[in-house]
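Biologist: Please show the model, and let us then discuss its architecture by question and answer.

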Amino acid sequence: MEDILLGKLDAMVQDKGYPNRSEAIRDLVRKTIVDDEWTDSAGEIIGVLVIVFDHHRRELSSRLLNTEHHWEGSILSTLHLHLDHDNCLEVKVIRGKAGVVKDFADEMISMKGIKYGTLVKATAGGEF
């Protein structure tokens, strides 16, 4: 490994608190495997959808629920938090085919009234 790359690896090991290079490399390999799971449209994946929205926004809550009820995947769990008088945060743990999960997340995130949304790639751990 080139000295520059090795130096960056050592800096990452220290910054993130890994006990050694091997643990950092194992994490990088796991991330690559999870990324590959997400590109394989045949397998089931786990995703975590995070959205922030104004719950006073006209009919937004109804549209969100309607979208959830018509989705063909599985919502394993939902966490709903009232951040302040106007804003809510929802976290949904979802399972399904990668493409379907992405489409569902995109549909939810793109709704008018959603202030922020992101889909976090996760795994059920079967490949490890």
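Modeller: Strand 1 and strand 3 pair in the antiparallel sense over 11 bridges, where two strands count as paired if DSSP finds at least two bridges between them. Helices (H or I, at least four residues) and strands (E, at least two) are DSSP runs, numbered from the N terminus. The model is predicted: local features need pLDDT of at least 70 and side-chain atom pairs pLDDT 80 or more, while totals for chains, interfaces and linings use all residues. Residues are numbered from 1 along each chain as its sequence is written, and side-chain values use heavy atoms, with hydrogens and water left out.

Biologist: Which residue of strand 3 is the bridge partner of Leu49?

Modeller: Strand 1 covers residues 44-54 and strand 3 covers residues 87-97. Within strand 3, the bridge partner of Leu49 is Lys92.

Biologist: What is the strand order of the open sheet?

Modeller: Strand 3 also pairs with strand 2, antiparallel, over 8 bridges. Strand 1 is joined to strand 4 by 8 bridges, again antiparallel. The open sheet of 4 strands therefore has the order 2-3-1-4.

Biologist: How many residues of strand 1 are buried?

Modeller: Buried means under 20% relative accessible area, exposed over 50% and partly exposed in between, with a 1.4 Å probe and protein chains only. By this criterion strand 1 is mostly covered, and of its 11 residues the number buried is 9.

Biologist: At what angle does helix 3 run to strand 1?

Modeller: Helix 3 (residues 60-69) lies across strand 1, strand 2, strand 3 and strand 4. Axes are lines fitted to C-alpha atoms, for helices over the stretch in contact (heavy atoms within 4.5 Å). Angles run from 0 to 180 degrees between N-to-C directions, and helix 3 runs to strand 1 at about 170°.

Biologist: How wide is the arc that the buried residues of helix 3 cover?

Modeller: Leu60, Leu64, Thr67 and Glu68 are the buried residues of helix 3. The arc is that of the directions from the helix axis to the C-beta atoms. These residues lie on the same side of helix 3, because the arc they cover is only 100°.

Biologist: Which exposed residues does the opposite face of helix 3 carry?

Modeller: The face in question is turned away from the buried side of helix 3. Its exposed residues are Ser62 and His69.

Biologist: How far apart are the end C-alpha atoms of helix 4?

Modeller: The expected span of a helix is 1.5 Å times one less than its number of residues. For the 12 residues of helix 4 this gives 16 Å, which agrees with the separation of its end C-alpha atoms, 16 Å.
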